[in-house]
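Try each task before reading its solution.

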Amino acid sequence: MEPELIRDVLLKSNVFQKPPPHPLGKLLVSGLVTLEGERWAKRRKIINPAFHLEKLKNMLPAFHLSCSDMVTKWKMLSVGGSCELDVWPYLENLTGDVISRTAFGSSYEEGRRIFQLQKEQTHLAIQVTMSVYIPGWRFLPTKTNRRMKQISKEVYALLRGIINKREKAMKAGETANSDLLGILMESNFREIQEHQNNKKIRMSVKDVIEECKLFYLAGQETTSVLLVWTMVLLSEHPNWQARAREEVLQVFGNKKPEAAGLNHLKIVTMIFHEVLRLYPPVAMLARAVYKDTQVGDMCFPAGVQVVLPTILVHHDHEIWGDDAKEFNPERFAEGVLKATKNQVSFFPFGWGPRVCIGQNFAMMEAKIALAMILQHFSFELSPSYAHAPFSILTMQPQYGAHLILRGLQC
C-alpha cells in the first residue's frame, strides 16, 4: 500500500516478475504481457513502433468509423427523442470494432470473427478459473475444454491466413499497411534484416499471432471499461457532463474530433483520470519474487508473491484526502504529478519499464468516442441501473449500464 515500496517493486521488473499464468489462461493471453527479461525487452522493441503517436494519428479514420457506427445505432433507437439502453454491450462491440479495423485494416471482417471468438474464449476461461481447481482436469475432453481448444485453433488459423497474405505482399515489394499488424510486421522484418544470423531476436509467425491476440484482449477490454464507467459517472454528475460537452463543442463544434484538438480536451482528460482512479481497469497487480531481494525494510525470499492493490491505493484517504471515494476530477486539474505529489499512487496502466504499451492508443480512442457521444447525446442513469462493479479480468458492470439517452440537435 505504500507508494515508495510500490515504486521499488515496479522499477525492479527483473526481480519482481509476472507470476506464471493459469495453464488454460495461456489459450487466452500470451505474448508481450507474459514475457520476462531479455525476451520481453526484444519483443517490446519490435512492437514499440506500432504505438508511436504519429502512427496512431493514422488510425483516426478507423476510430471515427467505428464510433459513427455506434452513434448511428443509438440515434435510430432514440428516434422519439430518447431511449433506455444498456450501453455496456455497445461499448464492448465498439472497442472490438476499433481493434478489428486498426489491427487488421483491410481484413476487417476476419478481424470481427477473431473478436467474437476471443470474447467467447474469455468467458470460458473465466468459468474455468473460477471453478474448483482439480489437477489434470484441463486434459479431460470436457465440453468446455474441447471448445476452448477449438477456438484457439480457429483463431490461430484465421490469424495465420491474414499474416501469410501480408508476408506475400511484403515479399512482392508492396508497401506495408499502416494498421497495427502491418507496422508490427514491418518492424519485425527490419529486425530480421539487421540480425540475419540471430533467430532469437526476430518474431516467428507464432509470436506475431500471440501479439495479435493480445491486441484484442488488452486493447478491447481496457477502453470499454474506461468508457462505461465514464458514462455512468457523468450520468451521476450532470454538471461534469455539461462541462465536458461544452469543451468538446468549443474544440470541435459538430465536426469529427481531430488529433490536434484532442490535446486541448483538458476537462475530458481530468474526467478520464478520475474515472481510472475510482475504477482502475485491473484491480490489482501481482508479482512473483524471482530472487532474494529487499524492499524498504522487508526481505523477500525467491518464490514469494506480492500484490499491489491498485484499487485500494487509488481509494486511500491518506493519499487522496477525505473525498477519496468521491468523483472529483478537479484533483487532476494540474496533471497527474501534482495530484499524486510525485508518488506512485496512481497506476491504472501499471508503471515503470512495464507500463502498458497501448496506453496512448486506449486514451486516444476513449477521447474520440466520448467526444462523439457528447456531441450527439445527453445521458442519465435509468431507474433500472444497478451499481455492481466486479472484477473479471477487468473491472466490469455486473448488471450492465442501463442509461437513458437523449438525442441532441446537431
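Predicted model: local features only at pLDDT ≥ 70, side-chain atom pairs only at ≥ 80, totals over all residues.

Residues are numbered from 1 along each chain as its sequence is written, and side-chain values use heavy atoms, leaving out hydrogens and water.

**Exercise 1.** Describe how helix α8 packs with helix α9.

Solution. Locate α8 at residues 143–171 and α9 at residues 180–194. Their angle is about 55 degrees, and the axes lie 11 Å apart. The two helices are therefore oblique to each other (under 35 degrees is roughly parallel, over 145 roughly antiparallel, 65 to 115 roughly perpendicular, the rest oblique). Next, list the contact (heavy atoms within 4.5 Å). From α8 come I162, I163, R166, E167 and M170; from α9 come L181, G182, M185, E186 and F189.

**Exercise 2.** Is F115 buried or exposed, and which residues does F115 contact?

Solution. Find F115 in helix α7, residues 108–130. Its relative accessibility is 3%, so F115 counts as buried (buried is under 20% relative accessible area, exposed over 50%, partly exposed in between, with a 1.4 Å probe and protein chains only). Set aside neighbours within four places in sequence: the contacts are E92, N93, G96, S100, Y216 and Q220.

**Exercise 3.** What is the phi of K341, and of N342?

Solution. Look in the loop between α16 (336–339) and α17 (359–376) for K341; N342 is placed in the loop between α16 and α17. Phi is near 55 degrees for K341, a positive value in a non-glycine residue. For N342, phi is near 65 degrees, also positive. K341 is exposed at 59% relative accessibility, and N342 is exposed at 52%.

Key. Axes fitted to C-alpha atoms, helices over the stretch in contact; angles between N-to-C directions. Helix = DSSP H or I, 4+ residues; strand = E, 2+ residues; numbered from the N terminus.
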